[in-house]
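Here's a quick briefing to read alongside the structure. Take a look at the fold first, then work through the points below.

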Amino acid sequence: MRCAVISDIHGNLEAFRAVLDALVSDSVDSYICVGDVVGYGADPRECLKLLKSLNPVVAVAGNHEYGVLGIVSMSSFNDLTQEAVSWTKKALDDSDIEYIKSFPIIYEYGNMTIVHSSIASPEEFYYVFDAGDAYVAMTEMQTLLCFIGHTHIPGIFSYDGNKVDLIESDELRIDSDMKYLINAGSVGQPRDGDPRASYVIYDDEDAHIEIRRVKYDIKKAQEKILSSGLPQRLAYRLSEGR
């Protein structure tokens, strides 16, 4: 099985479509979404519709979904994010809200755990930035792999039962004696200085994981944001990868 893992689409339809176009030649069997389909971008409804059409194995809830549903307090977001969540909530209709309500906070599938943030108290949406953060999460893992998002920074951590290491590569062969925490990065708003959309391909038959990047029409996504009434900063940061 070849599985595409996507995260943090954030209402960026241009980036989402570019990723799906790139996946056409990859013979992908299934899709997993690691949360934050909405928020920041100008096309939350269209992104939800497109995701639903893929019939993903699962789409877990991110903090933006919880913000739209009112499960987390607006005070937990910074001012920019509060504006984005408020705008997004107004842009969605009842069917969109019902679809978002179906997203679990955490999900196990075969040898995988799928969760937006740290597996340690996933409803608190703790960030996993470094090996220390990863250690807290990976000591809670009961599966070989855990796919996350939230930081918008792709990366792979390994755990041998004693220490956690950040893998200095965008791909690896899985060792069944280890555990792996894989951050899929962000489709719609990367924050590692690379503005290209990020996603992951996981091949369980070859025991192989790869983080991939693809260019998309950033200018079009920016123009949509600027004409939507969303904060201008949300448009400008796309070309910065921040």
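**Strand β1 and its partners**

Strand β1 runs antiparallel to strand β11 (residues 197–203), and four bridges join the two. Strands here are DSSP E runs of at least two residues, helices are H or I runs of at least four, and both are numbered from the N terminus. Two strands pair if DSSP finds at least two bridges between them.

This is a predicted model, where local features need pLDDT of at least 70 and side-chain atom pairs need 80 or more, while totals for chains, interfaces and linings use all residues. Residues are numbered from 1 along each chain as its sequence is written, and side-chain values use heavy atoms, leaving out hydrogens and water.

*More on β1*
- R2 has D203 as its bridge partner in β11.
- On to β2 (residues 30–33): β1 pairs with it in the parallel sense, over four bridges.
- One of the residues involved is V5, whose bridge partner in β2 is I32.
- Four of the five residues in β1 (residues 2–6) are buried; buried means under 20% relative accessible area, exposed over 50%, and partly exposed in between, with a 1.4 Å probe and protein chains only.

*A look at H116*
- You'll find H116 in the loop between β5 (112–115) and α6 (131–138).
- H116 counts as buried because its relative accessibility is 0%.

*The whole protein*
- In total there are eight helices and twelve strands.
- Buried residues make up 56% of the 242 residues.
- The C-alpha trace spans about 50 × 40 × 30 Å along its principal axes.
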